[in-house]
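Colleague: I would like a close look at one helix pair in this model, with the cut-offs stated where they apply. Please go on from there to whatever else in the model bears description.

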Amino acid sequence: MGSKQYVASSSRLSTSKFPKDLHLRVCGQPIMLNSDIMASRSAKLDKLLKENHVEDIPGLLGDIPADPKTFEIVARFCYGYEIDITTANVIRVCCVADYLEMTESHSLNNLLVKAITFFKKDVIPFWNCSVRALKSTENVLQQVLHLGLIDALFESIITKVLADPCLLGKPIKCLTFDGDGEKDEDLYRTSARRRLFGSNLISEDLATLSVQLYEPIIHEMILHQVPSENVAASLCQYVENWVSATSQVEGDVKGMSQRAAIEAVERLLPHERELFPCNLLFEMLQFAIALEATTDCRNGFEVRIGKQLDQATVSDLLIPGFGYAREQEYDTDCIRRILKHFYSNLYTPDNSSILKVAELFEHYLAEVASDVNLKKSTFMSLAETAFAASAETQRLSDGLYKAISIYLDNHTYLTEYEKEDICKLLDCSKMSPEACEHAATNKRLPLRIVVNVLFVHQLHLRDTFVKEVTSSDDGLVKPHEEEISKGVGGSSKDRAMVEMERMNCKVTDLEKECSAMKKEICGAFDGRLKREKGGMWREMKRKLRCISTTQDYDNCHVKKKKVHPK
């Protein structure tokens, strides 16, 4: 706005009969006023005019720290016109009045005391007015600090929050139940917000403040022991307003403000467990990573997540990889650090939490295994972590097997040696019968692993069969034994015959089972063994007595006739 436009906007000042001999600058804009009128209210201008020529005042006074609208209010007051001091401009008016020394010692009923009186009477007692006034100080903090107005606003707001913590925000995970044991959905039906402001009025939210105001006032609330759940609710809203919400500020300025906001939130975030749902903490961590926040900021979120990792889901763990040279789809290093924090903060052994995290990490491993850019060394490191996590829980190896199978399907270029190296953590003896059955026909697995799986699978079948036979035999023999004990056929010869018959049945069944096991193993491998070179697998078949030595010799060591030249 130019100087002509500014003077024209104040009709009463522009049509004044007083000569305009005083040239001032406000926010770089020139303005002309009457020196005597201004000096009558401003002790600073009065002193300068007494010691210097009026033409030298602009150079001596410099640029007045005020916006044109606020200075117009000050000038109108000096000219004797009615002014409108509001919640939105009272702090700025106080700053200009203090700068020009418009005090009672220079002139009675001066502007500074008038503005401060309004501040105490019409701002401090009310929540909305206090928050709006505090918000208006964002660009004049340095000028207003020594007046004590910021401290007064902080004290007013904190006092109100201590009386009603819900002014900060609704607790994120707050559940209440009525007398019938049912959840009450309307937690704030009689809240102080509605009592003070009415149903048609909207309460001002501290989460709309800039970082330079929000961080210190929330820090003071924490020192005054405001409930952590209410502080957490405000912080969550702050992230929504300043980090995740779309802003009109673009480029580096937007990135810097977002980064400052997420770093402030991490510093203020309480360390209690379960204040935030785990997925919200993961969202904040992703913001911190994407905005290139400090290492301390990112580590702070990781530690908090680690404390309640048992509440996370697999989708939470799938943090995208960031950076220009994105070597893999997901940030696996971050998840390993979080898992480490989980175990380091597990002060008391909690089997249910350990079991949940072990299962969670196995599912996570299966998800990242499909990343074609995931290096073998990285996958093996994650697999070792999953193996260690499951070792404490006596879990089956099915989850680890599934992840390995997915990785091999998506990395077909691996050699047989590399596949065996990846599978070295797979404990076939801990695989379920269903997993063994799937692995027996898995063409991606190394043959050595498939052999082990088949043996384990057959042992599972044999154990199951033996248990069934034993239980069946016990059910049949028991009535006969009861008859013997009652005197029916109770001779020692009869008892021996019954026992001998039962043992013969078991031996016959086990012999049949062993024969079937050999046939199944040989049959499963006949197709694959024909494609393999070398004698290792044929030797294994020979040891299993699937082929005779003579037959093997005839088939594999055929002597070629010597051809003599004519």
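Modeller: The crossing of helix 20 and helix 21 is left-handed, meaning that the near helix is turned anticlockwise from the far one by less than a right angle (clockwise would be right-handed). This is a predicted model, in which local features need pLDDT of at least 70 and side-chain atom pairs count only at pLDDT 80 or more, while totals for chains, interfaces and linings use all residues. Residues are numbered from 1 along each chain as its sequence is written, and side-chain values use heavy atoms, with hydrogens and water left out. Helices (DSSP runs of H or I, at least four residues) and strands (runs of E, at least two) are numbered from the N terminus.

The classes are roughly parallel under 35 degrees, roughly antiparallel over 145, roughly perpendicular from 65 to 115, and oblique for the rest. The axes are lines fitted to C-alpha atoms over the stretch in contact, with angles from 0 to 180 degrees between N-to-C directions.

On the helix 20 side, the contact (heavy atoms within 4.5 Å) is made by Ala358, Phe361, Glu362, Leu365 and Val368. Helix 21 supplies Phe379, Leu382, Ala383, Thr385, Ala386, Ala389 and Ser390. Together, the residues of this contact divide into 9 nonpolar, 2 polar and 1 charged. Here Ala, Val, Leu, Ile, Met, Phe, Trp, Tyr, Cys and Pro count as nonpolar, Asp, Glu, Lys and Arg as charged, and the others, Gly among them, as polar. As background to the spacing in such lists, an α-helix has 3.6 residues a turn, so residues three or four places apart point the same way.

A second pair can be set beside this one. Helix 9 (residues 127-135) packs on helix 11 (residues 149-163) at an angle of about 140°, with the axes 10 Å apart. The two are therefore oblique to each other, and the crossing of helix 9 and helix 11 is left-handed. Helix 9 contributes Trp127, Ser130, Val131, Ala133 and Leu134, and helix 11 contributes Ile150, Leu153, Phe154, Ser156, Ile157, Lys160 and Val161. By class, the contact of helix 9 with helix 11 has 9 nonpolar, 2 polar and 1 charged residues.

Next, a loop residue. Gln328 lies between helix 18 (314-317) and helix 19 (332-344). Its relative accessibility is 17%, so Gln328 counts as buried; buried is under 20% relative accessible area, exposed over 50%, and partly exposed in between, for a 1.4 Å probe and protein chains only. The side chain of Gln328 reaches the backbone oxygen of Tyr330 at 2.8 Å, and a polar contact of 2.9 Å joins the side chains of Gln328 and Thr332. A polar contact is a pair of N or O atoms within 3.5 Å; within protein, one must be able to donate a hydrogen and the other to accept it, and residues adjacent in sequence count only if both atoms are side-chain atoms. Leaving aside neighbours within four places in sequence, Gln328 touches Gly321, Asp371, Asn373, Leu374 and Thr378.

In helix 4 (residues 43-51), the buried residues are Ala43, Leu45, Asp46, Leu48 and Leu49, and they pack against strand 1 (22-26), helix 3 (35-41) and helix 5 (57-61). Glu101 and Lys44 are 57 residues apart in sequence and 5.6 Å apart in space, C-alpha to C-alpha. Glu101 is in the loop between helix 7 (90-99) and helix 8 (111-122) and has a phi near 55°, a positive value in a residue other than glycine. With a relative accessible area of 36%, Glu101 is partly exposed.

Arg41 is also one of the contacts of Phe77, a residue of helix 6 (residues 68-78) that is buried, with a relative accessible area of 9%. Phe77 and Leu111 are 34 residues apart in sequence and 7.3 Å apart in space, C-alpha to C-alpha.

For the whole chain, there are 28 helices and 3 strands, and 42% of the 566 residues count as buried.
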